[in-house]
Amino acid sequence: MSTGTGTALEVVGLAKSFTSDQGTVQAVRRVDMSARPGELVTLIGPSGCGKSTVFNVVAGLEQPSAGEVRIGGSVVADRLGASAYMPQRDALLPWRRVIDNVTLPLVLAGSSPAAARRQVEPLLRRFGLGDFARAWPWQLSGGMRHRAAFLRTVAAEPGLALLDEPFGALDGITRADLQQWLSAVRAELGTTVGLVTHDVAEAVFLSDVVVVLTARPAEVAAVLEVDLPRPREAEDRERASFGDLERRLRHLLREASWASVGPGAAERPPD
Amino acid sequence: MKAGLSLVAGESVVPGVGRRPGARRWLPPALVLIAAVGLWQLVTVVFGTSPTILPGPALVVVSTWADRADLAPALATTTVEAVAGLALAVAVAVPLAISIDWSRTARAGVYPLVVASQTVPVIALAPLVVIWFGFGEGPKIGLVALFSFFPIVVGAVQGLASADRDAVDLLRTMRASRWQLLWRVRWPSALPQCFTGLKISVTYAYTSAIVAEYVGATQGLGVYMNAASQAAPRRTDLVFGATGATALATVALFLLVGLAERLAMPWRPPSRS
């Protein structure tokens, strides 16, 4: 719920390599990106290019090899807790009811379970999970599970939410449905979102800005502003302007993949 | 052993039978059991076997019932030893598993010793325990615990390690402490495997208590069987009766643990197999 000017997220010259017994692998060579408050900024790139690594660094799960991450304008050494993170799979805890999964960040931060439930109940009702609040996660469909996982992500009203391929595991119809839902929820909550995806249509439909990454090690290949008006409805996907943007993004992605098939391509690990 | 193996795979004892309603699940083994008992009775009648060598099932049931005033306290004593031993095993195994999961040092220093402890023949320890601690129930409880803590430790360690990485990372991004990670994610993840280990241990508990009683005790099923087998004339029928009572008690304890498992994990979908 950040308001005002400035940046909610700023990533400058981020690089990340991993060292193991097998040697050093560079996952991210240089990534710069930023998000203004209330914006949705997407990282898109070929599969395995290091998009998730960028988010793991921003979330504080990994430390960068070089570069800087500013959240809400300041560099925080320990970024755990500075943003809310939604992993690729929904990671709902099977032993907590749906509402108790959503309250998890509040409870971990010290809220009493009852107070946390009172706080998120309106959120669940407002965004289509009211009837499922008392259900166990296994009783929910894939789409409903992802809704719960997203509401858990925004429950503590984070300044920044990081969604790592949030709908990757879902079928096409459910995914389109959830994109629409996410768009509506975000319009209402005003959460700043960083999104990782490899789905061109998803990127165009949801984003304000799309950052195109090359294949591993990731570098920024291009930045695309998505100037489609909001709110965006499912029918907007049929518009010529939407199709144009999709085509341009697909073209940029192709170029980004080609760009990396240069001298270093042979060293890239298969993925 | 058969029970132990099939339980590792899940709740269903026979693959594919788990989801069927009760009668269809229990009927086949019941019929086999009845046929076997019938055959047993037939053999003793046809060949006229001596009741001190092979008493028929009818005689076993009748004389065991007649001797219930002696058998019941023996069964009670051994049950206390078995259950208390299992409880002690859980009380030791769970903190041990958590510390092994928690610290590299404990994993490197303790886990190999836990595994090595299983190579010590616990039966051979029984006389030592009697020498040191006497004939009471306490030493038996200790021996049962020694016998049964290993599967629980292994189950718990594996269960704790099996926690979903995504969930662990997610909680880390919520600034969860180590204790919160343990309590909110790792421990609930470990419960199914803990119970699998406990169920394997249950099948050992009565046996190890009885073995400990053979060596030296004043009460219990081991004493009862010993006395029956050394009586003049031999009361082989009562040995069979005590064996049957042990089997029934083990099954009952096993079902009780199954019930506790379901109560401890209400979140699991029903009729999982």
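Guide: What follows is a talk about the folds, the contact between the chains and some local details of a predicted model.

Visitor: How many helices and strands are there in chain B?

Guide: Chain B has twelve helices and zero strands, and the C-alpha atoms of chain B fill a box of roughly 75 × 50 × 30 Å along the principal axes.

Visitor: How far apart are the end C-alpha atoms of α10 in chain B?

Guide: Helix α10 of chain B, residues 178–215, has 38 residues, yet its end C-alpha atoms are only 46 Å apart, whereas a straight helix at 1.5 Å a residue would reach 56 Å.

Visitor: Where is the kink in it?

Guide: In α10(B) a kink of about 40° lies at B:R186, shortly before the proline B:P188.

Visitor: Let's move to the interface. How many residues does the contact take from each chain?

Guide: Chain B gives 21 residues to the contact and chain A gives 22 residues. The area buried between chain B and chain A is about 2,000 Å², and 65% of that comes from carbon and sulfur atoms.

Visitor: Which three residues of chain B supply more of the buried area than any other three?

Guide: Those are B:T173, B:R184 and B:W267, which supply 31% of the area that chain B buries against chain A.

Visitor: What about polar links, how many are there between chain B and chain A?

Guide: Between chain B and chain A there are three salt bridges, and eight residue pairs are in polar contact, counting those with both residues at pLDDT 80 or more. A:R89 forms a salt bridge with B:D164, where the closest N and O atoms are 2.9 Å apart.

Visitor: Which elements of chain B give two or more residues to the side that touches chain A?

Guide: They are α9, residues 165–173, and α10 of chain B. Of the elements, α9(B) gives the most to that side, with seven residues. The residues on the side of chain B that touches chain A divide into eleven nonpolar, three polar and seven charged.

Visitor: Changing topic, which peptide bond in chain A is cis?

Guide: The bond from A:R216 to A:P217 is cis, with omega near -5°, and A:P217 lies in the loop between β9 (209–213) and β10 (218–225) of chain A. In chain B, the peptide bond from B:A232 to B:P233 is cis, with omega near -5°, and B:P233 is found in the loop between α11 (221–230) and α12 (236–264) of that chain.

Visitor: What is phi of A:A91, and where is that residue?

Guide: Phi of A:A91 is near 55°, which is a positive value in a residue other than glycine, and A:A91 is found in the loop between β6 (84–86) and α2 (98–102) of chain A.

Visitor: One last thing, how many salt bridges does the structure hold over all chains?

Guide: Over all chains the structure holds 25 salt bridges. One of them joins A:K16 to A:E62, with the closest N and O atoms 3.9 Å apart. That pair links distant parts of the chain, 46 residues apart, with A:K16 in strand β1 (residues 9–20) and A:E62 in the loop between α1 (51–59) and β4 (66–71) of chain A.

How values were computed: Residues are numbered from 1 along each chain as its sequence is written. Chains are lettered from A and ligands numbered from 1 in the order in which they are written. This is a predicted model: local features need pLDDT of at least 70, side-chain atom pairs count only at pLDDT 80 or more; totals for chains, interfaces and linings use all residues. Side-chain values use heavy atoms; hydrogens and water are left out. Helices (H or I, at least four residues) and strands (E, at least two) are DSSP runs, numbered from the N terminus. The expected span of a helix is 1.5 Å times one less than its number of residues. The bend at a residue is the angle between axes fitted to the seven residues ending there and the seven starting there. Contact means heavy atoms within 4.5 Å. Buried area is the accessible area (1.4 Å probe) that two parts lose on being put together, summed over both. A salt bridge is a side-chain nitrogen of Lys or Arg within 4 Å of a carboxyl oxygen of Asp or Glu. A polar contact is a pair of N or O atoms within 3.5 Å; within protein, one must be able to donate a hydrogen and the other to accept it, and residues adjacent in sequence count only if both atoms are side-chain atoms. Ala, Val, Leu, Ile, Met, Phe, Trp, Tyr, Cys and Pro count as nonpolar, Asp, Glu, Lys and Arg as charged, and the others, Gly among them, as polar.
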